[in-house]
Amino acid sequence: LSSLSGLTHESHKKDVEQVYLRCSEGSIEWMYPTGALIVNLRPNTSPASYKHLTVCIKPFKDSAGANIYLEKTGELKLLVRDGDRSPNKVYCFGYDQGGLFIEATPQQDISRKITGFQYELMSKGIASDLHTLSAPCRPCSDTEVLLAVCTSDFVIRGSIQDVTNEAEEQESVIHVGVNKLYRQKSKVFQLTGESGNWRGQIKTLLECGVKPGDGDFLFTGRMHFGEARLGCAPRFKDFQRMYKEAKDKGLNPCEIGPD
């Protein structure tokens with residue numbers, strides 16, 4: 001977390017401050033914004049790999065007091081307008097498309113304003129695989145499922161216990177009962193209660209119309225801003241079939257015990 005305050009620049013409201021961030025994910029919090037900030041993301045990777053990176057930012061729910069632009073060679077492109085209240089909206093762009101320029105908007109009382117957002121840096125391959133860009137509700141092909149098993153942040157066999165819809169955020173929360181945990185990058189799925197059952201939540205878009213249903217699924221997906229986002233989720237019996245067919249042909253991209 002990088003936290004800055006504009007009050008120290010009260011007498012220099014046109015000041016432009018440079019901030020350098022080395023982490024691949026984190027957050028910026030600019031209290032009482034005045035002037036402008038240039039945010040330089042400099043991850044600890046080879047500069048040659050920068051062109052393969054995607055940057056995503058997710059403004060805090062109550063972020064206010066500044067416009068956020070994409071800046072390259074002096075040209076500004078508005079990314080997030082001050083006061084835009086699109087809940088949970090994520091803005092992504094290629095690392096080579098420019099940096100972030102955050103400019104405070106004129107305020108009567110800056111002490112009531114805090115501009116902030118979370119950010120993530122990821123490879124362009126992973127970013128395009130978030131399954132939320134082109135056709136988020138489209139069923140995955142056999143090849144996509146088998147690849148998702150190898151590359152996803154979480155892979156579980158489980159059932160849908162319940163689905164709650166969050167209309168304001170245009171998202172659905174899938175409450176999953178876990179029967180087998182193959183992999184998880186973060187501890188989204190945990191043991192709960194005295195029964196010792198594993199449970200967790202996966203988010204997807206409301207438009208996909210996910211509903212509770214019988215039977216087991218293979219849930220795969222990625223962690224995005226601390227939340228599990230749904231990728232491919234075939235019925236488990238279908239996954240067993242496609243896994244066996246690929247294994248028999250020697251075409252499995254990775255091994256996993258499907259039983």
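Biologist: What is the phi of Phe225?

Modeller: Positive, about 50 degrees, although Phe225 is not a glycine. Phe225 sits in the loop between strand S15 (217-224) and strand S16 (227-230). Helices (H or I, at least four residues) and strands (E, at least two) are DSSP runs, numbered from the N terminus.

Biologist: And Tyr32, where does that lie?

Modeller: In the loop between strand S3 (25-31) and strand S4 (36-41). Tyr32 also has a positive phi of about 50 degrees, and is not a glycine.

Biologist: Before we go on, what are the ground rules?

Modeller: This is a predicted model: local features need pLDDT of at least 70, side-chain atom pairs count only at pLDDT 80 or more, and totals for chains, interfaces and linings use all residues. Residues are numbered from 1 along each chain as its sequence is written, and side-chain values use heavy atoms, with hydrogens and water left out.

Biologist: How many disulfides?

Modeller: Four, taking a disulfide as a pair of cysteine sulfur atoms within 2.5 Å.

Biologist: How are they paired along the chain?

Modeller: With the bonded cysteines numbered in sequence order, the pairing is 1-2, 3-6, 4-7, 5-8.

Biologist: Take Cys56 and Cys92. How far apart are the sulfur atoms?

Modeller: 2.0 Å. The torsion about the S-S bond is about 105 degrees, so this disulfide is right-handed. The pair links distant parts of the chain, 36 residues apart: Cys56 is in strand S5 (residues 53-59) and Cys92 in strand S8 (residues 91-94).

Biologist: Is Cys56 buried or exposed?

Modeller: Buried, with a relative accessible area of 0%. Cys92 is partly exposed at 41%.

Biologist: Next, Cys140 and Cys232. Left-handed or right-handed?

Modeller: Left-handed, with -85 degrees about the S-S bond. Cys140 lies in the loop between helix H1 (124-128) and helix H2 (142-151), and Cys232 in the loop between S16 and helix H3 (236-248), so the pair ties together parts 92 residues apart in sequence. Both Cys140 and Cys232 are buried.

Biologist: What about Cys150 and Cys254?

Modeller: They form a disulfide too, with sulfur atoms 2.1 Å apart. This link is left-handed, at -100 degrees about the S-S bond. Cys150 lies in helix H2 and Cys254 in the segment after H3, so parts 104 residues apart in sequence are tied together. Cys150 is partly exposed at 24%, and Cys254 is partly exposed at 23%.

Methods: Buried means under 20% relative accessible area, exposed over 50%, partly exposed in between (1.4 Å probe, protein chains only).
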